[in-house]
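Hello,

Here is the structure I promised to pass on. My notes on what turned up follow below it.

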Amino acid sequence: MKNKNQSSFSSKYWLIIISVLSVILLGIERFTDGGGPLRFIASYTVIPMQEGISYVGRFMSDLSDNFETLEDMKKENKKLQAKVDELTIDNTRLRKEQYELDRLRELYKLDENYSDYEKIGAHVVANNGSNWFTDFTIDKGSQDGVQVDSNVLAGSGLVGIVIEVGPTYSRVRSIVDDASNVSAMMLSTSDTCMVRGDLKLMADGRLRFEKLPNNDNQIEAGEQVVTSHVSPRFLQGLFIGYVSEIEVDANNLTRSGYITPAVDFSKLQEVLVITTTKQNMLDADNSQEDNKEDTSEPQEPQEPQEEGGE
């Protein structure tokens with residue numbers, strides 16, 4: 001009896017389930033406009049899964065493409081960086097050549113300004129280790145005609161004087177060195193003075209001059225100062241710099257002040273060396289004077305001949 005009721009219940013249960021499913025399927029059919037229940041189920045199960053798989057595939061494909069693009073970009077970046085490095089080196093070289101050309105132009109102009117003197121170009125190869133080129137070495141020596149007391153030029157004027165000479169090198173003391181004294185004069189008036197080196201002043205870009213006569217000659221800022229004709233070692237007329245300040249000394253007999261030098265003593269790379277020294281010129285002048293005296297000596301008078309013939 002129990003089995004019969006269970007069988008009847010199962011049959012009813014399944015009948016209800018089938019009926020419900022039929023109603024659901026009919027509803028789905030109506031809802032999907034005749035698309036069918038399988039298509040409806042697939043639209044919520046298989047199709048989203050396919051879309052997910054397709055998305056993952058596209059993502060992996062894009063990732064692979066991006067990776068290849070990244071590698072290509074890295075290679076391109078290396079090429080561009082190498083090009084930038086090459087251009088930077090070229091630019092540095094061109095700027096260096098331009099600076100060197102500018103310096104050589106200055107030396108050429110300086111050479112023209114002092115065309116009366118024989119000169120030789122030289123490179124500065126060492127200094128005394130300070131910030132200023134007060135005592136430095138050049139790569140020209142006695143084999144090139146350089147002598148002790150040869151005057152040295154750079155920039156727009158006088159740098160210093162040779163104090164030591166070797167076969168292939170020379171040592172130069174600049175006019176800003178504490179031990180330097182240069183007999184100078186004001187270009188417009190020819191009044192003489194003494195220019196003294198002072199490293200403390202050079203830090204401010206100045207030289208000091210002293211013992212300028214306090215006379216009626218007006219000397220103002222901007223006056224050009226050159227080496228004087230009475231200097232025992234410096235040739236006459238070498239440009240030293242411009243007067244920046246001037247004042248009357250306490251004794252009221254002399255004036256002193258400061259000069260802005262014509263040369264940048266913090267940057268010396270090439271110089272011109274005048275191979276003829278002041279002593280050479282003095283010796284040549286004395287030799288010429290001696291020759292003149294020899295040719296101008298009076299001759300002994302000849303005895304007059306008697307007039308008339310045989």
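Lys140 counts as buried, because its relative accessibility is 19% and the cut-off for buried is under 20%. Its salt-bridge partner is Asp139, with the closest N and O atoms 3.7 Å apart. Asp139 is partly exposed, at a relative accessible area of 28%. Please keep in mind that this is a predicted model.

That pair belongs to a wider set. A search of the whole structure gives seven salt bridges. Two of them involve Glu210, so I take those next.

Glu210 pairs with Arg196, and here the closest N and O atoms are 2.7 Å apart. What does this pair tie together? Glu210 sits in strand E8 (residues 207-213) and Arg196 in strand E7 (residues 192-196), so the bridge links parts that are 14 residues apart in sequence. Glu210 is partly exposed, with a relative accessible area of 23%. Arg196 is partly exposed too, at 25%. Glu210 also meets Arg208 in a salt bridge, at 3.4 Å from N to O. Arg208 counts as partly exposed, with 21% relative accessibility. Elsewhere, salt bridges with shared partners join Asp135, Glu164 and Arg171 into one network.

Now the nonpolar core. The largest one has 46 residues. Which of them touch the most other members? They are Val195, Ile240 and Leu268. In soluble globular proteins, nonpolar side chains tend to be buried together.

Some nonpolar side chains are on the outside. Tyr13, Trp14 and Ile18 make a nonpolar surface patch of about 360 Å². Is Trp14 buried or exposed? Trp14 is exposed, because its relative accessible area is 52% and the cut-off for exposed is over 50%. Trp14 lies in helix H1, which covers residues 2-31.

Next, Val165. Its place is in strand E4 (residues 157-165). Val165 is partly exposed, with a relative accessible area of 27%. Val146 is 19 residues away along the chain, yet the two C-alpha atoms are separated by 7.2 Å. Neighbours within four places in sequence aside, Val165 is in contact with Gly141, Ser142, Val146, Gln147, Val148 and Ser170.

Then the chain as a whole. Its secondary structure comes to five helices and twelve strands. Of its 310 residues, 27% count as buried. Among contacts with a separation of 6 or more, 58% are between residues 24 or more positions apart. The accessible surface is about 21,100 Å², and carbon and sulfur atoms hold 53% of that.

Last, confidence. The chain averages a pLDDT of 80, and 68% of the residues score at least 70. Over residues 301-310 the pLDDT is below 50. Beyond near neighbours in sequence, that stretch has zero contacts in the model. Where pLDDT is low, the predicted coordinates should not be read in detail.

Best wishes

Terms used: Residues numbered from 1 in each chain as written. Heavy atoms only, no water. Patch = residues over 30% accessible without salt bridge, like charges linked within 9 Å, V, L, I, M, F, W, Y side chains within 5 Å. Areas by Shrake-Rupley, 256 points an atom, 1.4 Å probe, with all protein chains shown as cover. Salt bridge = Lys/Arg side-chain N within 4 Å of Asp/Glu carboxyl O. Helix = DSSP H or I, 4+ residues; strand = E, 2+ residues; numbered from the N terminus. Buried < 20%, exposed > 50% of the residue type's maximum accessible area, 1.4 Å probe, protein only. pLDDT = per-residue confidence, 0-100. Contact = heavy atoms within 4.5 Å. Core = buried A, V, L, I, M, F, W, Y, C linked by side-chain atoms within 4.5 Å.
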